[in-house]
Amino acid sequence: MAAYLDHNATAPLDARVLEAMLPFLQGPYANPSSQHRQGRAARDAVETARAQVAALVGADPGEVIFTSGGTEANNLAIKGVAALHAPGRLLYSAIEHPSVLEPMQALARHGWSVETIAVDGDGLVDPAAYGAQLATGGVRLVSCMVANNETGVLQDIPRLAQSARDAGALFHADAVQAAGKVPVHFARSGAQLLSLSSHKLYGPKGAGALVVDGALELEPLLHGGGQERGRRGGTENVAAIVGFGAAAELAARELEARRARTLQLRARLEARLAGIPGLRIFAAQAPRLPNTVQFAVPPFHSATLLGLLDKKGYAVSSGSACASGTNEPSHVLLAMGVPADLALGAIRVSFGKDNTEADADGFVAALRSVLADVMPAMAPALRAAP
Amino acid sequence: VIYLDYAATTPIDPAVYEAMLPYLRPGGVHGNPSSSHAEGLKAKAAVERGREQVAALVGADANEIVWTSGTTESNNLAIKGALEFRGARGAHVVTSRIEHKSVLDTCRYLETQGVRVSYLAPGPDGRVAPEQVLAAVTAETALVSLMWVNNETGVIHDVAALAPRLRERGVLFHVDAAQAAGRIALDLRAVPVDLLSLSGHKAYGPKGVGALFVRKRPRARLAPQMHGSGHEQGMRSGTLAPHQIVGMGEAFRLAGAQLAADSARIGVLRERLWQQLRALPEVFLNAEAAPRVPGILNVSFGGVEGESLRAALPELCVSSGSACSSATREPSYVLRALGRDDELAGASLRFSLGRFTTAEEVDAAAAQVVAQVRRLRALAPPRQAA
């Protein structure tokens, strides 16, 4: 048995998406900025993809700026806004992805006052504390993710964005993990900026988008060439953008089926995990992405267990692929008040649309077997049927 | 349709496409290179192999190659990164008027941040001479940015002569080699350039991927422009796209293997094209006196209007200059800098030939151009003597 259960790190390219991309990898195709016929064909394909991505998230096509991925989208949103304002206050939730945290920290070195928004034990933003921060005044921009990549916790974005608007602040929502897994509607979210990634929704790596309210000005991150209406220079990655568009259209069409499927698998997994002594599921009571569960089996650190699970063919992670290799406890779990030692045990399972019951069951069997190996005293209990 | 626009973008070589497929198709390698499980490690191995292939073509060490989304990002990272690391205010940058938009627009942005920029004009041969650059360098000069090969005329700058002189003066030297890599031999072991931008899609690789060479000894220091999880030695965050990186790696491997044969064959075809075009009166080969890459032929046609000429050649994919400035429809700034008047600069075509260009295509293209120039000249009212 083997299964890939790390879809929040990256989802495998959908074969139907590859079909859409192939003409732009094989054929004589051209630079979308070129004025000749082949250039126009490439440009038409990019515009079709723009409409597909916009449709997935309830935006106008003209609001979509293609980027090289979610990291660039987050950088563009935050630094693009900051560059057009005199330094003031910036707020971001304590559980943001490094591609939000780090641009914020970079701005802190350039005179901005940067503050985190606290979350409660379930990983949800505390509205009262957040409101008090906004009430102090001078906040230019708030950044909060729609769904957390590690725990899967979903924030109440329309409410948080409304509070920001009331305080005269812009709102950026990182929807990289949410899009394609739960409904995301830019126009109704109240956010002015929304980040998306292609490879988290079965599209190719190397494409993403920033959705920007039509009225909002932005300093480009990449200068030159005037592509994307002057907001993002660089020859368009036509094949990847076409793939992103195709993936977005499939995600919109299959959203409910994918949601139901992964939710069913997660419920099955969680029921079986409940039988493992001492196992703790993080943010179990919070609204979460349907496909994501993060847990720990104290006293074990994930570094030990992940390697053994990998040897058995199960690809899971501690939480963020981007932080793998470091032995730091997750900043997301620490922000939720999880003790560091427990946080070091975090294992995240993130299901995909093509996983099966056998994958979920096989994972639990592998986990029990691994735990029995590293904890012989518990072996009899663990080896009993789940 | 005859495609003679290889300087705008090259088709993906079939061998490159084959190399990319295992990272796209169902059952292939789909992991995130940052993941520590087996799927991630397979993706990471591919990324590192690509890095070695790109490094090998330019005489660099693999750990001196930073992946980007393309040359525009490489140029932005090199120039803004170097200036931000050093401190932009009061610094001086030397560049040329014939750089790609991604260098020029970045420099113009830096001017808004307190950087003084000198834009050197090329001499009558279309080149900026090393002596011109050295004469412009002052005690405040932090960076020189000069392209190795110009995208419109194909002229080759004497980077090998300039680099050691700048090294002696302690000035950081960035070179945009998007048009040079794979077209002329580059050896960074012999030429002490500090930063070098590379493109995938100008060398028969995919769009959406590029690289920046950042010298280790002596170490060129940059502030990252895309912040996040700290990929690429902290210089450029964002999930890497293995299929694109594998494609660029294979493209660069092929370029190294075929450089001599490609150059010789393409040079012969260009001469064949020129001999047919020059049969017309009043045609001017731009930058004729300078060393040029074999694939580019930039010709101005007297007595015709540029827009009409391009409209008369719908089956011919050529460029009126640089694709990246064609959206603005301005007469080429490169040709104006060469001393061509607006009318003649506007009536110019850039033919760029490549690996898949045939003698039949060249002959057919020449026949179309000659016929249409004759037709348009016959239609035009006789010109007044100046």
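## Helix α6 of chain A

Directly after α6(A) comes A:G168, whose phi is positive, near 80°. Helices here are DSSP runs of H or I, at least four residues, and strands are runs of E, at least two, numbered from the N terminus. This is a predicted model: local features need pLDDT of at least 70, side-chain atom pairs count only at pLDDT 80 or more, and totals for chains, interfaces and linings use all residues. Residues are numbered from 1 along each chain as its sequence is written, chains are lettered from A in the order in which they are written, and side-chain values use heavy atoms, with hydrogens and water left out.

Helix α6 of chain A covers residues 157-166. Its buried residues (under 20% relative accessible area, 1.4 Å probe, protein chains only) are A:I157, A:L160, A:A161 and A:A164. Seen down the axis of α6(A), they fall within an arc of 95°, so they line one face of the helix. The arc is taken from the directions from the helix axis to the C-beta atoms. These residues pack against α5 (127-135), β5 (139-145), β6 and α7 of chain A; contact means heavy atoms within 4.5 Å.

## Helix α6 of chain B

In chain B, helix α6 spans residues 159-169, with B:V159, B:L162, B:A163 and B:L166 buried. Down the axis of α6(B), the buried residues fall within an arc of 105°, so they line one face of the helix. Their cover includes α5 (130-136), β5 (141-147) and β6 (172-176) of chain B. Just after α6(B), B:G170 takes a positive phi of about 75°.

## A buried glutamine in chain A

A:Q177 sits in the loop between β6 (170-174) and α7 (186-189) of chain A. A:Q177 is buried, at a relative accessible area of 5%. Leaving out residues up to four places away in sequence, A:Q177 touches A:N8, A:A147, A:N149, A:K200 and A:L289.

## The interface of chains A and B

Chain B and chain A bury about 4600 Å² between them, 57% of it on carbon and sulfur atoms. Buried area is the accessible area (1.4 Å probe) that two parts lose on being put together, summed over both. In chain B, B:H37, B:K207 and B:H227 lose the most area to chain A, together 15% of what that side buries.

The contact takes 59 residues from chain B and 60 residues from chain A.

Terms used: Buried < 20%, exposed > 50% of the residue type's maximum accessible area, 1.4 Å probe, protein only.
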